[in-house]
Amino acid sequence: MSQFFVIHPENPQLRLIREAVKIIQNGGVIVYPTDSAYAIGCQLANKDALERIRQLRQLEEKHNFTLVCRDLSELSTYAVIDNSIFRLLKAHTPGPYTFILKATREVPKRLHHPKRSTIGMRVPNSEVVQALLSELNEPLMSVSLTLPDQEYPFVDARDIYDTLGSRVDLVIDGGPCSVTPTTVVDLVDGAPKILRVGKGDPKAFI
């Protein structure tokens, strides 16, 4: 049965964070708030949970999944980053950006773009997400929560629970989120390419 946790956006309750992480580690799929829109995630190594997310979102094979990381140090374990890219990332993380980068061998191949071997990487500016990642001690495999028939993402956690309660294991209510997803920046070739304009200001990359 799906659970619903109300977690304070600035002072997350450790007890609830630990319960949420147990759900993730036991193969659960969770919906959680970020500094842009609500997202849906699971443990990095869990194939079954990943497939549940694929089906729920009706994602095609070429879709770039995102690894949500605590900081640049963790991000650099899973993505190929040279000095110029590091400086760019440092200036814009944490924040509402998703960066497309070359994946390292630490990333399971099922999460790669099948032809480019790339992965989305993200460091959110969210106390709830940071608390989850600190307790989980690894990145969270994630995608934005926009259903196939939706034009805009969910804003309210209760609406998410009412709609998806039977298809996910936990919905975390961290307060209202934006309808605007992250700005997506492709850094695979070094020169930034804006793939999607979202909440993060794209001007710094143009």
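User: Is Thr 93 buried or exposed?
Analyst: Thr 93 has a relative accessible area of 16%, and because the cut-off for buried is under 20%, Thr 93 counts as buried. Please keep in mind that this is a predicted model.

User: OK, and where does Thr 93 sit?
Analyst: Thr 93 is in the loop that runs between helix α4, residues 83–92, and strand β5, residues 97–102.

User: What does the side chain of Thr 93 do there?
Analyst: A polar atom of the Thr 93 side chain lies 2.7 Å from the backbone oxygen of Leu 89. If residues up to four places away in sequence are not counted, Thr 93 touches Leu 72, Phe 99 and Val 123.

User: Let's follow Leu 72, then. Where is Leu 72 found?
Analyst: Leu 72 belongs to helix α3, and with a relative accessible area of 12% this residue is buried. Leaving aside neighbours within four places in sequence, Leu 72 is in contact with Phe 86, Leu 89, Lys 90 and Thr 93.

User: Which residues of α4 are buried?
Analyst: The buried residues in α4 are Ile 85, Leu 89 and His 92. They cover an arc of only 75 degrees around the axis, which puts them on the same side of α4. What covers these buried residues includes α3, residues 72–78, and β5.

User: And what is on the face turned away from the buried side of α4?
Analyst: That face carries the exposed residues Asn 83, Arg 87, Lys 90 and Ala 91.

User: Now something else: how many aromatic pairs does a search of the whole structure find?
Analyst: The search finds 4 aromatic pairs. One of them joins Tyr 97 and Phe 99, whose ring centres are 5.9 Å apart and whose planes are at 25 degrees, so this pair is stacked. Tyr 97 and Phe 99 are both buried.

User: Why do you call that one stacked?
Analyst: A pair of aromatic rings is described by the distance of the centres and the angle of the planes. Planes under 30 degrees apart count as stacked, and because the planes of Tyr 97 and Phe 99 are at 25 degrees, their pair is stacked.

User: Which aromatic pair do Phe 99 and Phe 205 form, stacked or edge-to-face?
Analyst: Phe 99 and Phe 205 form an edge-to-face pair, with 6.0 Å from centre to centre and 65 degrees between the planes. Phe 99 lies in strand β5 and Phe 205 in the segment after β10, residues 193–196, so the pair ties together parts that are 106 residues apart in sequence. Phe 205 is buried, and so is Phe 99. Taken together, ring pairs link Tyr 97, Phe 99 and Phe 205 into a cluster.

User: What sits over the ring of Phe 4?
Analyst: The charged end of Arg 158 sits over the Phe 4 ring, 4.0 Å from the centre of that ring. Tyr 161 itself lies in helix α6, residues 157–164.

User: Switching to α1, what span should this helix have?
Analyst: Helix α1 has 12 residues, 14–25, and at 1.5 Å a residue it should span 16 Å, which agrees with its end C-alpha atoms being 16 Å apart.

User: Which residues of α1 are buried, and what covers them?
Analyst: Leu 16, Ile 17, Ala 20, Val 21, Ile 23 and Ile 24 are the buried residues of α1. They cover an arc of only 155 degrees around the axis, which puts them on the same side of α1. Their cover includes the strands β1, β2, β3, β7 and β8 and the helix α5.

User: What follows α1?
Analyst: Gly 27 follows α1, and its phi is positive, near 95 degrees.

User: Last one: where is the place of Thr 34, and which side chain makes a polar contact with the side chain of Thr 34?
Analyst: Thr 34 is in the loop between β2 and β3, and at 11% relative accessibility Thr 34 counts as buried. The side chain of Thr 34 makes a polar contact with the side chain of Arg 122 at 3.2 Å, and the Thr 34 side chain also reaches the backbone nitrogen of Ser 36 at 3.0 Å.

Terms used
Residues numbered from 1 in each chain as written. Predicted model: local features only at pLDDT ≥ 70, side-chain atom pairs only at ≥ 80, totals over all residues. Heavy atoms only, no water. Helix = DSSP H or I, 4+ residues; strand = E, 2+ residues; numbered from the N terminus. Buried < 20%, exposed > 50% of the residue type's maximum accessible area, 1.4 Å probe, protein only. Polar contact = N/O pair within 3.5 Å; in protein donor to acceptor, adjacent residues only side chain to side chain. Contact = heavy atoms within 4.5 Å. Phe/Tyr/Trp six-rings, centres within 6.5 Å; stacked < 30°, edge-to-face > 60°. Lys NZ or Arg CZ within 6 Å of the ring centre and 35° of its normal. Expected span 1.5 Å × (residues − 1). Arc of directions from axis to C-beta.
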